[in-house]
Amino acid sequence: MTAQKSTSPDSYDKAFSLINPIDIPWVDALRRSAFKKFQELGLPTQRRGNEPWKYTDIRKLAKHEFQPVLEHKTVSDQVVRDHSIIAGPSHLAVFIDGTFSPSHSSVNDLPKGANFSSLASAFHSQDILVEDKISRYSGYKAEAFTALNTAFIEDGAIITLTAGTVVKAPIHLLFITTSHKHEVAIHPRIFVHLEESSSASIIESHTGIQGNVYLSNAVAELLIDSNARLNYYKLQRHPTNAFHITNTEAIVNRDGYFSCVNIDLGGDIVRNNLNTRMAGEGASTKLNGLYLTTDKQHVDNQVIIEHIKGNTRARELYKGILDGQSRSVFHGSIIVREGASGVDAYQVDKNLLLSNQAEADTKPAFWVYTDDVKCGHGAACGQIDDDAVFYLRSRGLDEITARQLLIHGFIAEVIDSIENPDLRDHVSDLVHSKLEQWLLV
Amino acid sequence: MALLEIENLHAGIGEIEILKGVSLSVQKGEVHAIMGPNGSGKSTLAHVLAGHTAYTIFEGSINFDGSTLLEMLPEFRARAGLFLSFQHPVEISGVRFDQFLRASYNSIRKSQNEPELDPIQFNKVLKDKLGQFEIDPAFIQRNVNEGFSGGEKKRMEIFQMALLEPKLAILDETDSGLDVDALREVANGINNFRNPDHAIVLVTHYQRILNYLTPDFVHVLMDGRIVKSGNADLARQIEEHGYDDFLEISRTNEK
């Protein structure tokens, strides 16, 4: 990452001077320190010799002068309902242009032992835990977008579960970005701490209203203590002119479990850095992903699983369907540290190309510094199997139905990995209606 | 009128001619075996009948139940009552058999202006049919052919035939790769399907499946032509002498 060229556009100096001040010394210091770091790092527009950004060109993003949201907008309940994804019971926290909106939210009904608080209010509560934990796990000193997010930190979600607390209904963090006169950037920040033997499902969903270009740049820090279980879902369906960058850091302690299903259906350039540290013996993780891209969309998933401790298990399955001139990048790294014996890790990325102009770059890699590990990986790119289409047609299905069935079959594994039935149905509907549009063109 | 009437069919892949003038007439209720060595064009004939797009038709016509078959898309052939049992059934991940079979069953019903069945209604139909086969109902919940053995796939092909009740079933090497038990079971499935309304064209390299079911007609296909037609005795002749006897006829035809 040392080769990242410093571009440091002046526009960010201007943007930084415009942000709402937060009159809390440590927050102010953190912002300034992070902004300084961002200026040093610059946006990673240089790709040569810069492996993490080799296949993703963000010069288009770097050209925009994104400003902080200064004019706060309201949205109707109907807009919230349209963008919400859970039909069944959930604890909903809505953020409009990055700012928590209590009137649209229903997080007061969390069971005892579970706490939600907006980051802005947590800052003012002078809770020492917030100061202690925010930015402790995310590496803003090495990653430009995390530095940018930290420099512009303003609001977000803090979710904590005390030991043994079980939250059954999913906690749904819904970030809606509206259209503004200026091109705006929002920097959502999420911190989750699941104490020992607690469990929760959290949905981080990003969406927006079609209009002017914007940048959504989210950072999430997820801390999973011993024997705790976190089912995490990331669903992104921005308009196709929005940029979306996420940095997600998960630390899984002894016998803890972390699953993440990352679904990208929208956006222009999308980049997800997902770093999972297996920090305690017996920890396990399941990371799945699905991306649907068309036109000139570009979705890049960088997934790093670091096995610090032994007897840890990881399963990773990403699938993509690419149409138009779209492009996907999958870069999976599984690192097994010295002494971490008994690691069992497997990663797969498979892509289905619906057009001759679509391109998928996939690169699963292992870095193993110990013996006695079980590691495997697979990658595939292909088109719809003509013989399978013929097989289905020979049974009476028309060609479009046959293709749809095969595509749905291709991604079923990822959709089925969504444990929450309401979310699974919703994602399935979204994906199916999107595919239907493509296939009927 | 014959159910299937193939006249002077010339077909192949790209510019290469594989079928060089096949004519065949199949009536309702008849079982025809088409036998021939590797490369004689058996599978090409089966695929051309089902409408595989990889094949080129150079000449000839096929009439099926009053329709011009070669002008029909594969799905319309299926809906009109033509069924192909594949030599190599395709594995489809993420699509369950029951889901696939219901889509297939309903597409055929819809074309006949019959109401489509919902999953509950269809499962009843499936269950009844499964009872006639020695198929573990759990198979139906699995992905289409995924991880199935060769024998299991063939058995499922025959099951599909029984479920869809086509007018004409073309069985492409349904006997290949089967052990004796599986062969007997598949043959039983075919025998049960046999009735005055159904016709069967059985394409095979070996005579052994004919130990379990007796065809009304046997045709020898050599180098893209039917060189000899007869009754079940012809199959026994092939069993004893192989295909060499017919090489001469095939060469004569060439001239």
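In what order do the 4 strands of the open sheet in chain B lie? The order is β2-β1-β4-β5, and the pairing is antiparallel. The model is predicted.

- Helix α1 (residues 42-50) of chain B lies across β1, β2 and β4 of chain B. The helix runs at about 65° to β4(B).
- As a general point, the strands of a sheet pair through backbone hydrogen bonds, in either a parallel or an antiparallel manner.

**Contact between the chains**
- On chain B, 17 residues are in contact with 18 residues of chain A.
- The elements giving two or more residues to the side of chain B that touches chain A are α2 (74-79) and α3 (97-111) of chain B.
- That side of chain B comprises 10 nonpolar, 5 polar and 2 charged residues.

**The nonpolar core**
- The largest nonpolar core has 189 residues. Those with the most contacts inside this core are A:Ile224, A:Leu230 and B:Ile170.
- Leaving aside residues up to four places away in sequence, A:Leu230 touches A:Val192, A:Leu194, A:Ala200, A:Ile202, A:Leu222, A:Ile224 and A:Phe258.
- In soluble globular proteins, nonpolar side chains tend to be buried together.

**A buried asparagine in chain A**
- A:Asn231 is located in strand β10 (residues 229-237) of chain A.
- A:Asn231 counts as buried because 21 other C-beta atoms lie within 10 Å, where the cut-off is 20 or more.
- With residues up to four places away in sequence not counted, A:Asn231 touches A:Ser201, A:Ser259 and A:Glu419.
- A:Asn231 and A:Lys286 are 55 residues apart along the chain, and their C-alpha atoms are separated by 9.3 Å.

**An enclosed helix in chain A**
- Helix α7 (residues 144-151) of chain A has 8 of its 8 residues buried, so it is largely enclosed by the rest of the structure.
- The buried residues of α7(A) are A:Ala144, A:Phe145, A:Thr146, A:Ala147, A:Leu148, A:Asn149, A:Thr150 and A:Ala151.

Note on methods: Residues numbered from 1 in each chain as written. Chains lettered and ligands numbered in written order. Predicted model: local features only at pLDDT ≥ 70, side-chain atom pairs only at ≥ 80, totals over all residues. Contact = placed C-beta atoms within 7 Å. Nonpolar A, V, L, I, M, F, W, Y, C, P; charged D, E, K, R; others polar. Core = buried A, V, L, I, M, F, W, Y, C linked by C-beta atoms within 7 Å. Buried ≥ 20, exposed ≤ 12 C-beta atoms within 10 Å, placed from the backbone. Pairing = 2+ DSSP bridges. Axes fitted to C-alpha atoms, helices over the stretch in contact; angles between N-to-C directions.
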